[in-house]
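Trainee: May we go through this structure together, step by step?

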Protein chains: 2
Amino acid sequence: MPPDHRRFDADRFGWEGVETRLYKAGEGPWRDVTRQVLFAPEGDLPVEWRYFEVAPGGWTTLERHLHRHAVVIVRGAGRALVMGELRAVAAFDLVAIPPLSWHQFRAGEDGPLGFFCLVAAERDRPQLPGPADLAALAADPAVADFIRP
Amino acid sequence: MPPDHRRFDADRFGWEGVETRLYKAGEGPWRDVTRQVLFAPEGDLPVEWRYFEVAPGGWTTLERHLHRHAVVIVRGAGRALVMGELRAVAAFDLVAIPPLSWHQFRAGEDGPLGFFCLVAAERDRPQLPGPADLAALAADPAVADFIRP
């Protein structure tokens with residue numbers, strides 16, 4: 001049984017007993033992102049509730065997968081590619097990422113972008129874009145300028 | 001497919017296209033609580049992500065059930081009964097409510113208490129405390145003073 005109450009520490013935007021990790025192991029097409037797992041899968045909630053934080057100027061991986069994301073921005077602001085559209089996102093906005101939708105989050109230059117992201121415990125591995133995918137995404141000049149493959 | 005991006009409106013602590021409802025239908029052992037469903041169950045995320053807000057001086061139902069809650073406080077502060085203990089909770093604290101644990105959230109008198117609460121889409125109905133349950137809870141004088149059955 002995990003502890004029932006984990007206090008938040010605003011100074012580090014972190015939680016008691018929750019480790020701040022790299023976004024993904026190793027190098028990859030992402031910059032300056034950390035990950036904290038707030039609730040691990042358990043019992044009738046076979047999902048992971050994570051907090052990701054993108055440092056100023058950073059970005060998450062441009063990827064897609066069969067599994068869904070339910071995202072709530074909770075810190076700062078930035079931009080997101082979702083379903084082929086660029087969106088300015090800010091604290092407490094909701095973003096639903098449906099299956100096989102290319103997505104990427106970028107923080108602004110002036111501050112971090114932090115968000116909760118819910119996923120199923122059992123999920124497929126993300127796919128990275130190939131040349132044809134990138135060409136299709138880049139058909140929109142604003143998207144071409146935004147993405148960091 | 002739901003809209004992929006719902007903007008937050010800080011003035012009403014609400015979201016585009018999300019209805020603010022009563023906490024539960026009809027009268028009951030709770031006071032001044034509203035509910036907004038941010039993400040309904042869908043596909044590989046058969047869970048509901050809700051936002052509850054307890055107005056100053058209000059409280060949620062004192063109840064227990066087999067299903068789990070994963071809770072993140074996101075607005076204000078208050079107190080919670082979890083696993084027989086009273087906890088002062090404040091924005092971004094995590095609270096895990098395991099099966100069959102009596103729980104109740106109360107806002108302070110000076111401001112609301114708002115929190116995200118994740119539950120499984122399929123779940124059992126809450127149980128209310130009977131006289132023996134209340135007597136057991138009231139064995140701790142602080143809990144006796146806190147609960148609003």
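**Reading the model**

Mentor: With 18 C-beta neighbours inside 10 Å, Phe13(A) counts as partly exposed, because that class lies between buried (20 or more other C-beta atoms within 10 Å of its own) and exposed (12 or fewer), with C-beta atoms placed from the backbone. This is a predicted model, in which local features need pLDDT of at least 70, side-chain atom pairs count only at pLDDT 80 or more, and totals for chains, interfaces and linings use all residues. Residues are numbered from 1 along each chain as its sequence is written, while chains are lettered from A and ligands numbered from 1 in the order in which they are written.

Trainee: Where is Phe13(A) found?

Mentor: Phe13(A) has a positive phi of about 40 degrees although it is not a glycine. Most residues other than glycine have a negative phi. The place of Phe13(A) is the loop between β2 (8–9) and β3 (14–15) of chain A.

Trainee: Is Phe92(B) buried or exposed?

Mentor: Phe92(B) lies in the loop between β8 (85–90) and β9 of chain B. Its phi is near 80 degrees, a positive value in a residue other than glycine. Because 22 other C-beta atoms lie within 10 Å, Phe92(B) is buried.

Trainee: What is the mean pLDDT of chain A?

Mentor: pLDDT is the predictor's confidence in each residue, from 0 to 100. In chain A, 98% of the residues reach 70 or more. For the complex, the predictor gives an ipTM of 0.95 and a pTM of 0.96. The mean pLDDT of chain A is 94.

Trainee: How many helices and strands does chain A have?

Mentor: Helices (H or I, at least four residues) and strands (E, at least two) are DSSP runs, numbered from the N terminus. Read along the sequence, chain A follows the pattern β-β-β-β-β-β-β-β-β-β-β-α-α. Chain A therefore has two helices and 11 strands.

Trainee: What radius of gyration does chain A have?

Mentor: The radius is taken over C-alpha atoms, and the globule rule is 2.2 Å times the number of residues to the power 0.38. The C-alpha atoms of chain A fill a box of roughly 50 × 35 × 30 Å, taken along the principal axes. For 149 residues, a compact globule would have a radius of gyration near 15 Å, and chain A agrees with this, at 15 Å.

Trainee: What rotation superposes chain A on chain B?

Mentor: The superposition is by least squares on the C-alpha atoms of residues with pLDDT of at least 70 in both copies. There is 0.0 Å of shift along the axis, and the RMSD is 0.0 Å, for a rotation of 180 degrees. The two copies are thus related as by a two-fold rotation axis.

Trainee: Which classes of residue make up the side of chain A that touches chain B?

Mentor: Two residues are in contact if their C-beta atoms, placed from the backbone, lie within 7 Å. On that basis, 34 residues of chain A are in contact with 34 residues of chain B. Ala, Val, Leu, Ile, Met, Phe, Trp, Tyr, Cys and Pro count as nonpolar, Asp, Glu, Lys and Arg as charged, and the others, Gly among them, as polar. By class, the side of chain A that touches chain B has 22 nonpolar, three polar and nine charged residues.

Trainee: Which residue stands opposite Leu94(B)?

Mentor: Two strands pair if DSSP finds at least two bridges between them. Two bridges join β1(A) to strand β9 (residues 94–97) of chain B, and these strands run antiparallel. Leu94(B) is buried, with 25 other C-beta atoms within 10 Å. The residue opposite Leu94(B) is Arg6(A).

Trainee: Which residues is Arg50(A) in contact with, leaving aside its neighbours within four places in sequence?

Mentor: Arg50(A) is found in strand β6 (residues 47–59) of chain A. With 20 other C-beta atoms within 10 Å, Arg50(A) is buried. Its contacts are Arg35(A), Gln36(A), Val37(A), Leu38(A) and Cys117(A).

Trainee: What is the bridge partner of Tyr51(B) in β11(B)?

Mentor: Strand β5 (residues 31–39) of chain B and strand β6 (residues 47–59) of chain B pair in the antiparallel sense over seven bridges. β6(B) and strand β11 (residues 113–120) of chain B also pair in the antiparallel sense, over eight bridges. In β11(B), the partner of Tyr51(B) is Phe116(B).
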